[in-house]
Amino acid sequence: MKLLKGKALIVAMACGLVLASVMIALGFSHNSQSEFYLPGGGIDLKFSLGVFGVWFVIGAIVALLTQIVFQFILNALARKDISESK
């Protein structure tokens, strides 16, 4: 499949990375229940990396699905234009 070999995968990974980074930054700044920090001080890396990983996967999948939908629409419009010109 051409989708997984091309630029779409790189863009999807970048979107996932950006989304996960923003969500972790928001989590650290709005941490009212102290979920990201250990009781003795320090950051709970296991929980933080888990949240980061979940948002990374969500962002990458949504970006790939969006690319597939737009590619399908563009292909459908291109076929329609070709069939109308004949």
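This is a predicted model: local features need pLDDT of at least 70, side-chain atom pairs count only at pLDDT 80 or more; totals for chains, interfaces and linings use all residues.
Leu 74 sits in helix α2, residues 45–85, and helices here are DSSP runs of H or I with at least four residues, while strands are runs of E with at least two, numbered from the N terminus.

Residues are numbered from 1 along each chain as its sequence is written, and side-chain values use heavy atoms, with hydrogens and water left out.

Now to the overall picture. The protein has two helices and zero strands, and buried residues make up 17% of its 86 residues. Taking contact to mean heavy atoms within 4.5 Å, 60% of the contacts between residues at least 6 apart in sequence join residues at least 24 apart.

Helix α1 has 23 residues and reaches 33 Å from its first C-alpha to its last, close to the 33 Å expected at 1.5 Å a residue, the expected span being 1.5 Å times one less than the number of residues. Its buried residues are Ala 8, Ala 12, Gly 16, Ala 20, Ile 24 and Gly 27. Cys 15, also placed in helix α1, is partly exposed at 36% relative accessibility. Leaving aside neighbours within four places in sequence, Cys 15 is in contact with Gly 59 and Ala 63, and its C-alpha is 9.5 Å from that of Leu 64, although Cys 15 and Leu 64 are 49 residues apart in sequence.

In the loop between α1 and α2 we find Ser 34, whose phi is near 55°, a positive value in a residue other than glycine. Most residues other than glycine have a negative phi.

Which aromatic residues do ring pairs link into a cluster? They are Phe 28, Phe 36, Tyr 37 and Phe 47, and a search of the whole structure finds three aromatic pairs. The rings of Phe 28 and Phe 36 have centres 5.1 Å apart and planes at 65°, so this pair is edge-to-face; rings of Phe, Tyr and Trp (its six-membered ring) pair if their centres lie within 6.5 Å, with planes under 30 degrees apart counted as stacked, over 60 as edge-to-face and the rest as tilted. For Phe 28 and Tyr 37, the centres are 6.0 Å apart and the planes at 40°, so that pair is tilted. Phe 36 is buried at 6% relative accessibility, whereas Phe 28 is partly exposed at 27%, as is Tyr 37 at 38%.

Note on methods. Buried means under 20% relative accessible area, exposed over 50%, partly exposed in between (1.4 Å probe, protein chains only).
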